[in-house]
Structure formats: C-alpha cells, structure tokens
Amino acid sequence: TGILAEELGRCLASTPFVGTVALAMNLLLAAADADANARLLPGMCAGTLTATVAYRGRDGSPAVLPLRATEADGGWTLSGRASYVADGTSADVLLAVAQAPAGPSLFELSGPVTRTTMPTLDETRDQSEVSCDASAAVLIGMAGAAAPWLTRMIDEAAVLIAAGQVGGADRAL
C-alpha cells in the first residue's frame with residue numbers, strides 16, 4: 001500500500017485514496033465488524049465505492065470528538081460538525097467516529113448530512129466540513145470501542161500520506 005501511495009504522489013493523482021484506503025479501509029479493518037466489512041469492503045476494493053471518515057473538529061485535533069451519538073428506539077443519530085474530512089464532498093460512504101454514552105464509537109452515516117468544501121493549500125486533496133443534525137447512523141463494531149481503532153487509523157494514514165509526499169518530492173527532484 002505504501003508503494004501505491006508513493007506512486008500516486010509521484011504523479012500528483014487526485015484520487016479518493018486518502019479517504020477510502022488510508023482512512024476508511026483501515027478503520028473498518030480495525031473494527032472487524034463482519035457485516036459492515038462484507039457490505040463495504042468489496043466495493044471499496046473494486047474501486048466502485050469511495051468512503052471517508054469524519055473525526056476531527058475545527059481545531060484539527062481528534063482528541064475531542066466533534067460529533068455526538070444518541071441512541072433512541074433501537075437506532076442511532078449523530079449531531080455536530082466535523083472538519084477537514086478528506087474526500088468528504090465526493091465520498092459515497094461517510095463513516096464517523098462520534099462520542100457515544102459508552103465512549104468513542106464508529107458509525108456509518110445514513111441520514112441527511114450537509115457537506116461543505118473547505119479551502120486547502122493542496123488543491124489535489126478535497127477537504128470538507130460535514131454537518132449532522134440528528135442524522136441517522138448505523139453502529140459499526142461495539143459501542144465505546146473506537147478509540148484504539150482511531151489511533152491506529154491515524155498512524156497508518158500518516159505513513160501513507162508521507163509515502164505520497166516522498167513520491168511527489170522524488171518526481172520534483
């Protein structure tokens with residue numbers, strides 16, 4: 001995956017690689033939810049389904065989750081505003097790490113959300129703000145278990161983004 005990231009960086013490819021592979025796939029694999037993985041990963045691997053993860057607030061830190069999850073009548077809703085969502089305006093699937101009563105939890109947003117493009121220095125990377133107001137969501141994995149998955153996803157995404165930058169720098173030289 002690192003070699004692929006480096007080659008995409010070498011040609012400055014504007015693809016949903018960061019959102020889909022570096023973020024969403026890594027998070028889904030860490031969550032190990034058989035139903036969600038069977039439903040989402042085949043399309044992501046085939047390139048017919050793109051995804052991303054909302055988990056940061058305006059300050060850019062994942063330490064304080066900007067989305068709140070509420071459970072009612074056997075279902076979940078998410079409210080709040082996540083910023084710097086990679087590929088957020090174009091992703092087919094929006095995953096979110098939100099603060100639930102049991103702790104940080106992973107959800108797939110299924111209800112209406114507002115996606116707003118954010119200005120970036122790197123025009124090859126789409127970043128958005130995602131706003132939810134009691135938007136329907138489906139829990140992935142176990143409630144309260146997402147903190148270590150999020151840490152792992154961030155670490156793995158940082159390595160892949162760095163590999164892309166190495167490819168771009170190598171091409172420039």
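Author: Let us begin with Ala 24, which touches Gly 19, Met 44, Ala 51, Thr 52, Val 53 and Leu 95, leaving aside residues up to four places away in sequence. Contact here means heavy atoms within 4.5 Å. This is a predicted model, in which local features need pLDDT of at least 70 and side-chain atom pairs count only at pLDDT 80 or more, while totals for chains, interfaces and linings use all residues. Residues are numbered from 1 along each chain as its sequence is written, and side-chain values use heavy atoms, with hydrogens and water left out.

Reader: Where does Ala 24 lie, and is Ala 24 buried or exposed?

Author: Buried means under 20% relative accessible area, exposed over 50%, and partly exposed in between (1.4 Å probe, protein chains only). Ala 24 is placed in helix H2 and is buried, its relative accessible area being 0%. Helices (H or I, at least four residues) and strands (E, at least two) are DSSP runs, numbered from the N terminus.

Reader: Which residues touch the most other members of the largest nonpolar core?

Author: A nonpolar core is a set of buried Ala, Val, Leu, Ile, Met, Phe, Trp, Tyr and Cys residues joined through side-chain atoms within 4.5 Å. In the largest one, of 35 residues, they are Met 44, Val 53, Leu 95, Val 97 and Leu 106. Two or more residues come from each of helix H1 (2-10), helix H2 (17-31), helix H3 (34-46), strand E1 (51-54), strand E4 (93-100) and helix H4 (146-172). H2 contributes the most, with ten residues. Beyond four places in sequence, the contacts of Met 44 include Thr 20, Ala 24 and Leu 49. A second, separate core has 16 residues, among them Leu 67, Ala 69, Val 85 and Phe 107.

Reader: What joins the side chains of Glu 108 and Arg 39?

Author: A polar contact is a pair of N or O atoms within 3.5 Å; within protein, one must be able to donate a hydrogen and the other to accept it, and residues adjacent in sequence count only if both atoms are side-chain atoms. Such a contact, of 2.6 Å, joins these two side chains. Glu 108 belongs to strand E5 (residues 103-109) and is buried, at 13% relative accessible area.

Reader: Which value of phi does Asp 73 have, and where does Asp 73 lie?

Author: Phi of Asp 73 is near 55 degrees, a positive value in a residue other than glycine. Asp 73 lies in the loop between strand E2 (67-72) and strand E3 (75-86), and is exposed, with 84% relative accessible area.
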